[in-house]
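Student: I would like to go through the labels used for this model and ask what each one rests on.
Tutor: Go ahead; each label will be set against its cut-off.

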Amino acid sequence: MTVDYILSNPAKRLLTFKDNNWIHSDLNSCSPLAMAKAGFFAVSKDCAVCHYCKKELDFWEANDIPWEEHKSHNSECPFIKYYASPPDQVLVVDALKLERDRLVYMMTQEHKKTVVELEKHQEVAKNTFETKRKRGRARKF
Ligand SMILES: [Zn+2]
């Protein structure tokens, strides 16, 4: 298990809002509890990151609804896809399924980045080859 698996526990995520002096109170829509229930943990007083998709959102306004903000910024998040609304409690069996989904999601994101990088290199190599071919200096790999 990864080190940050502990943040799959909403109570642990809630603590991060207190530790970072979250600027919104319990009276606001984006209270620490609502943020934690929506999958977020705090990284500063006004910036939160989703434990499941690593989406980072800042400049929260008092009437923002964390679940809706989360869904609008990343509807592909495994946590958003798993629950129809913020869960009041996360069962161990669900936490384990979500941890699996989170790891698959993160690996998929990394692979997508790698594919994009490889495609960039491929394009550069192709352009270089074409330029040299036109000059009659193309070499095989
Ligand atoms: Zn997410």
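Student: What makes α5 hardly covered?
Tutor: The count of buried residues among its 43 residues is three. A residue is buried if 20 or more other C-beta atoms lie within 10 Å of its own, exposed if 12 or fewer, and partly exposed in between, with C-beta atoms placed from the backbone. This is a predicted model, in which local features need pLDDT of at least 70, side-chain atom pairs count only at pLDDT 80 or more, and totals for chains, interfaces and linings use all residues. Residues are numbered from 1 along each chain as its sequence is written.

Student: Which residues of α5 are buried?
Tutor: L98, R102 and Y105. Helices (H or I, at least four residues) and strands (E, at least two) are DSSP runs, numbered from the N terminus.

Student: How do you know what span to expect for α5?
Tutor: The expected span is 1.5 Å times one less than the number of residues. For the 43 residues of α5 that is 63 Å, and the helix reaches 63 Å from its first C-alpha to its last, close to that value.

Student: Why is N21 called exposed?
Tutor: N21 has 10 C-beta neighbours inside 10 Å, so it counts as exposed. N21 sits in the loop between α1 and α2, and its phi is near 55 degrees, a positive value in a residue other than glycine.

Student: Why is K54 called partly exposed?
Tutor: K54 has 14 C-beta neighbours inside 10 Å, and therefore counts as partly exposed. K54 lies in the loop between β2 and β3 and has a positive phi of about 65 degrees.
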